[in-house]
Amino acid sequence: MKVFVTHGYFLEEDEVEKKIMKPYPPLGLLYVSAYLKQKNIDTTVFDTTFESGRTFFESLQIVKPDVIAFYCNLMTKVRIIRLIARIKELSPQVKIIIGGPDVTYNLDNYLNYCDFVIIGEGEQTLFELVKAIENSEDIADVNGIAFKVDGELIKTAPRVKIKEIDELPLPDRQSINLSKYAETWKKHHGKATLNISTQRGCPYTCKWCSTAVYGQSYRRRSAKLVVDEIILLQSQYDVEALWFVDDVFTVSHKWMKAFHEEITRRNVKVKFECITR
């Protein structure tokens, strides 16, 4: 069973971003890929950011996947729907799965275009769904998905969120051209910059952010593992600045204190941006 994970954002089609030039790697997708590979699923990541529609379909022809999983949001929805239409023409037997923050509130609409929708966190759900497809098992036994049977919307039981996120593998950054991102930032803004995640969930109730995926919760990676990852990024990609993608980076003063102590103890210095309130 071959799985092809992608996200449908093409920088060349974004006139606004081409003026700003602040692209970031698809971190959520890379977490999903790392998890699938850890479970011995044959997984290919196609990062569309610096690619084109032509190279997208060339890659599909080479890989010939059984399952294509898209990360989708409001900005990429229309482009992804067009890609799916073409995929169905070329390979009607391929199963199409979509996940991301927007799908949670628009299940019926998305299922007009794909076979399955993932609700919430994608790692465990996509793995179980892929195995169910591969083994011809009952899809309804997979928690955290939605699909249609004879036009009727079926929504399975909610997926229990991953509690110990320290146990997740690091994002599968080696499967994409990560240096391209750092070099783009260096060229246009003077500092090689990448993104990093330290937590999942948020205690607040905003509808526009990743609460739709990670839920109204608070789960944090240990300060030590975060600093380990920062050091790794600095050593492998000469990273000079980071964006912490967390919904509210400063939500826990206890964690902030531990992070400060760890980064100071190990003499790590890095410029960063974060979101707070």
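**Exercise 1.** In what order do the 3 strands of the open sheet with parallel pairing stand?

*Solution.* The model is predicted; local features need pLDDT of at least 70 and side-chain atom pairs pLDDT 80 or more, while totals for chains, interfaces and linings use all residues. Residues are numbered from 1 along each chain as its sequence is written, and side-chain values use heavy atoms, with hydrogens and water left out.

Step 1. Strands (E, at least two residues) and helices (H or I, at least four) are DSSP runs numbered from the N terminus; two strands pair if DSSP finds at least two bridges between them.

Step 2. The order is S8-S11-S12. S8 (193-196) and S12 (271-273) are the edges, each with a single partner strand, so one side of each lacks a neighbour in the sheet.

Step 3. S11 (residues 241-244) and S12 are joined in parallel by 3 bridges, with Ala241 opposite Lys271. Helix H9 (residues 223-237) packs on this sheet, touching S8 and S11, at about 155 degrees to S8.

**Exercise 2.** Describe the open sheet of 7 strands and its hairpin.

*Solution.* Step 1. The order is S2-S1-S3-S4-S5-S6-S7, with mixed pairing. S2 (42-46) and S7 are the edge strands, each pairing on one side only.

Step 1. S5 (residues 116-118) and S6 run antiparallel with 2 bridges; Ile118 has Ile145 as its bridge partner.

Step 2. S6 (residues 145-149) and S7 (residues 152-155) pair antiparallel over 4 bridges. They form a hairpin with 2 residues between them, and Asp150 in the turn has a positive phi of about 55 degrees.

**Exercise 3.** Is Thr6 buried or exposed, and which residues does Thr6 touch?

*Solution.* Step 1. Thr6 belongs to strand S1 (residues 2-6). Its relative accessibility is 0%, so Thr6 is buried (under 20% relative accessible area; exposed is over 50%, partly exposed in between; 1.4 Å probe, protein chains only).

Step 1. Contact means heavy atoms within 4.5 Å. Not counting residues up to four places away in sequence, the contacts of Thr6 include Leu29, Phe46, Ile68 and Tyr71.

**Exercise 4.** Which residues have the most contacts inside the largest nonpolar core?

*Solution.* Step 1. Such a core is a set of buried Ala, Val, Leu, Ile, Met, Phe, Trp, Tyr and Cys residues joined through side-chain atoms within 4.5 Å.

Step 1. The largest has 47 residues, and Leu126, Ile230 and Phe259 have the most contacts inside it.

Terms used: Axes fitted to C-alpha atoms, helices over the stretch in contact; angles between N-to-C directions.
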